[in-house]
Amino acid sequence: MNDDDLRALLRKADPSNGQKPLDDGRIRRIVAAAERDSLDGQSAPAPRRGRRLFAGVSIGAVATAAAGLVIAGLVATPAIQAPGPDETSATCAPVSVDSLREFDTAYEATATAIKGDNVTLQVTQIFAGSPSKTLTVPQPGDPSTAEGGGLFAVGKTYLVASADDYVSDCDSGLATDDLRQLYLEAFTTPTNGG
């Protein structure tokens, strides 16, 4: 931002921007009227009153310029941006019994193969729905990694929540005791998948 840009901003911020400036004759008439008003009293014209008028106008001009500088500073300062998710990060709400109950299919399975973007799962226990014994599903992203790796790894066992062939990457994960407990609370009658 150069000086011309700053002046343009100040002019834009000036509340009297759209008004014509007072000409010298009008300023003299205002000062004379102010002096006449003071003559209506008992004392001689008070030159201080005219100075007050000019002092008031000067203070107003300074205040307007200061407001313009503050506004210009705010405009020139980049806005502070709160951190937020970007394209490479995912955030998940913690898995809960309520969130799991939104899925019509839930099971425990071991990843047996990964080909391209698909993962083959061997189902060992069914919590909800009727998945087949062997499934091939798209590899979802792993929300716990910032690099965006896949959720499934060959040889590991997972608890999987899905609906309409969509595997939830937020409500699925490694088969830990804590996650299994949530699955047991959400789906009360698990059956063996095999």
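Tutor: The largest pocket has a volume of about 200 Å³. A pocket is found on a 1 Å grid over the protein atoms alone, as an open set of points where a 1.4 Å probe fits, with protein on both sides within 12 Å along at least five of seven lines; lining residues have an atom within 4 Å of a point. Grid points are joined across faces, edges and corners, and the volume is the space filled by probe spheres set on the points. This is a predicted model, where local features need pLDDT of at least 70 and side-chain atom pairs count only at pLDDT 80 or more, while totals for chains, interfaces and linings use all residues. Residues are numbered from 1 along each chain as its sequence is written, and side-chain values use heavy atoms, with hydrogens and water left out.

Student: Which residues lie nearest the centre of the largest pocket?

Tutor: They are D142, S144, L151, S172 and G173, out of 14 lining residues. By class, Ala, Val, Leu, Ile, Met, Phe, Trp, Tyr, Cys and Pro count as nonpolar, Asp, Glu, Lys and Arg as charged, and the others, Gly among them, as polar. On that scheme this lining holds 8 nonpolar, 4 polar and 2 charged residues.

Student: What is the volume of the second largest pocket, and which residues lie nearest its centre?

Tutor: Its volume is about 170 Å³. The lining has 13 residues, with Y107, L135, V137, S162 and D165 nearest the centre. To assign these to elements, take DSSP runs: helices are H or I over at least four residues, strands are E over at least two, and both are numbered from the N terminus. The elements β1, β3 and β4 each give two or more residues to this lining, and β3 gives the most, with 4. The classes come to 7 nonpolar, 3 polar and 3 charged.

Student: How many helices and strands does the chain have?

Tutor: There are 5 helices and 7 strands. In sequence order they run α-α-α-α-β-β-β-β-β-β-α-β.

Student: Which residues touch the most other members of the largest nonpolar core?

Tutor: A nonpolar core is a set of buried Ala, Val, Leu, Ile, Met, Phe, Trp, Tyr and Cys residues joined through side-chain atoms within 4.5 Å. Here the largest has 14 residues, and Y107, L121, V137, F152 and V160 touch the most other members. At least two residues each come from β1 (105–115), β2 (118–128), β3 (134–138) and β4 (157–163), and β2 supplies the largest share, 4 residues. A second, separate core has 13 residues, including L100, F103, A106 and L179.

Student: What does L121 contact beyond its sequence neighbours?

Tutor: Outside four places in sequence, the partners of L121 include Y107, A109, K133, T134, F152 and V160. T134 belongs to strand β3 and is partly exposed, at 43% relative accessible area.

Student: Which residues of helix α5 are buried, and why do they line one face?

Tutor: As a general idea, an α-helix has 3.6 residues a turn, so residues three or four places apart point the same way. In α5 (residues 177–186), the buried residues are L179, Y183 and A186. Seen down the axis, with directions taken from the helix axis to the C-beta atoms, they fall within an arc of 65 degrees, so they line one face of α5. D177 and D178 are exposed on the other side. The cover over the buried residues of α5 includes α4 (97–100), β1, β2, β4 and β6 (173–174).

Notes
Buried means under 20% relative accessible area, exposed over 50%, partly exposed in between (1.4 Å probe, protein chains only). Contact means heavy atoms within 4.5 Å.
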